[in-house]
Amino acid sequence: AEEALRQAQKMEAVGQLTGGIAHDFNNLLTVIAGNIDMATRAIGDAGEGNPRVTRALEGAQKGAQRAASLTQRLLAFARRQPLHPKPIRMDRLIRGMSDLLDRSLGERVEIEFVGAPGLWQVEVDPNELESVIVNLAVNARDAMPDGGKLTIEVSNARLDEGYAARHAEVAPGQYVMLAISDTGTGMPPELLDKVFEPFFTTKEVGKGTGLGLSMVYGLVKQSGGHVKIYSEQDRGTTVKIYLPRLLDETEADGDEGGEEALEES
Ligand code: ADP
C-alpha cells in the first residue's frame, strides 16, 4: 500500500509539474514562433533577403515546431482527461484491434491471441485501454529487434486472499486478466523497479518518452485494477493487468442481440 501510495503521489506531482511547465512553455513557444514569423516577413518585405539569415530563421522555426509538438505530448500526458468508462468485453476489443496491432508490430513479430469463452465484462474507457495495449505491444516490439512472438491472453481470474496478502494494494475478488508477453530482451531486476516511473526510459532520445508504462499504471489504478510485470533477461517480459469484473452485466457496447447469454453467477 505504501508503495502504491508513493507511486500515486509521484504521478500526481509529476503530472502537475509537467502540466504547469508544458503549459508555460507552450505560451513561450507561441511568442517565439510568432516573432520568427514576423522577422521572416520583415526581411522579405524589405527585399534584403540574406540566405544565411533566412536559413537560420527556418532552422529556428523548425526547432520551435518540434518543441511545440513535445509540449503537446507532455500536456496530453499531464491532463487529467475525464475517463469515459463503458462495459466492455476485452476479447472483442482486442479482436477489433488486430489490424492496428499488425501495423504497429511489423512483419517480424508473430501475434497470437488466446481468448476465453464466457469472458466477464469490465468497466473501463475503451479508448484508453486501446492506448494501453498499443503501448505494451510497442514496448514488446522494441524488445524484439530481431523479431519474435507477442502473445495476448485474456481470461477470467480470481485473486484470492493469499494473493491479496502478498500484494498489499490488491483487493481479493473477481477480475479479468489481460497478459501481454514477448520473447524479447527482458529486463534485469534493478530495472523492473523503475519502469513505472514517469520519464524512466532506456531508449534513445526521440524513440522513448518513458511515459508508456506510467500511463498504463495510471489507467489501471484509476479503473480499480492491478498491474504486475514479470521479466527474465534474454527470455522475455509479461505484463499482467487485472481489471475488476463488472458485476451487473449489461449488453456490452457493440454486442448484437441473439448472442448467447453471458454466464450468470
Ligand atoms: P518508453 O517505452 O518510452 O521507454 P515505458 O514507460 O513504456 O517508456 O518503458 C520504460 C522502459 O521499460 C523502457 O525504456 C524499457 O527499458 C523497459 N521496458 C518496457 N517494456 C519492456 C519490454 N516488454 N521488454 C523489455 N524492456 C521493457
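Let me start with a definition: two strands count as paired if DSSP finds at least two bridges between them. Helices (H or I, at least four residues) and strands (E, at least two) are themselves DSSP runs, numbered from the N terminus. The model is a predicted one, in which local features need pLDDT of at least 70 and side-chain atom pairs count only at pLDDT 80 or more, while totals for chains, interfaces and linings use all residues. Residue numbers run from 1 along each chain as its sequence is written.

With those terms in place, I turn to strand pairing. Strand 6 (residues 226–232) and strand 7 run antiparallel and are joined by seven bridges. Within strand 7, Tyr242 is the residue opposite His226. The hairpin of these two strands has three residues between them, and Asp234 lies in that loop. Most residues other than glycine have a negative phi. Asp234 is exposed, because 8 other C-beta atoms lie within 10 Å. For reference, a residue is buried if 20 or more other C-beta atoms lie within 10 Å of its own, exposed if 12 or fewer, and partly exposed in between, with C-beta atoms placed from the backbone.

Strand 4 pairs on two sides of our list. Six bridges join strand 4 to strand 2 (residues 109–114) in parallel, and Ile111 has Leu150 of strand 4 as its bridge partner. Ten bridges join strand 4 to strand 5, and this pair runs antiparallel; here Thr151 stands opposite Ser181 of strand 5.

Next, the chain as a whole. It has eight helices and seven strands, and 24% of its 265 residues count as buried.

What of the interior? A nonpolar core is a set of buried Ala, Val, Leu, Ile, Met, Phe, Trp, Tyr and Cys residues joined through C-beta atoms within 7 Å. The largest such core has 36 residues, of which Met90, Leu136 and Val176 touch the most other members. Elements that give two or more residues to this core include strand 4 (148–159), strand 5 (173–182) and strand 7 (236–244). Which element supplies the largest share of this core? That is helix 5, with six residues. Leu136 touches Ile180, Val216 and Val239, leaving aside residues up to four places away in sequence.

Helix 5 has 17 residues and reaches 24 Å from first C-alpha to last, close to the expected 24 Å; the expected span is 1.5 Å times one less than the number of residues. Its buried residues include Glu128, Leu136, Asn139 and Arg141.

A residue is near a molecule if its C-beta atom, placed from the backbone, lies within 6 Å of it. Of the 22 residues around the ligand, Asn139, Ala143, Thr201, Gly208 and Gly212 come nearest. Helix 5 (126–142) and helix 8 (212–222) are the elements that give two or more residues to this shell. The shell divides into seven nonpolar, 13 polar and two charged residues; Ala, Val, Leu, Ile, Met, Phe, Trp, Tyr, Cys and Pro count as nonpolar, Asp, Glu, Lys and Arg as charged, and the others, Gly among them, as polar.

Conventions
Contact = placed C-beta atoms within 7 Å.
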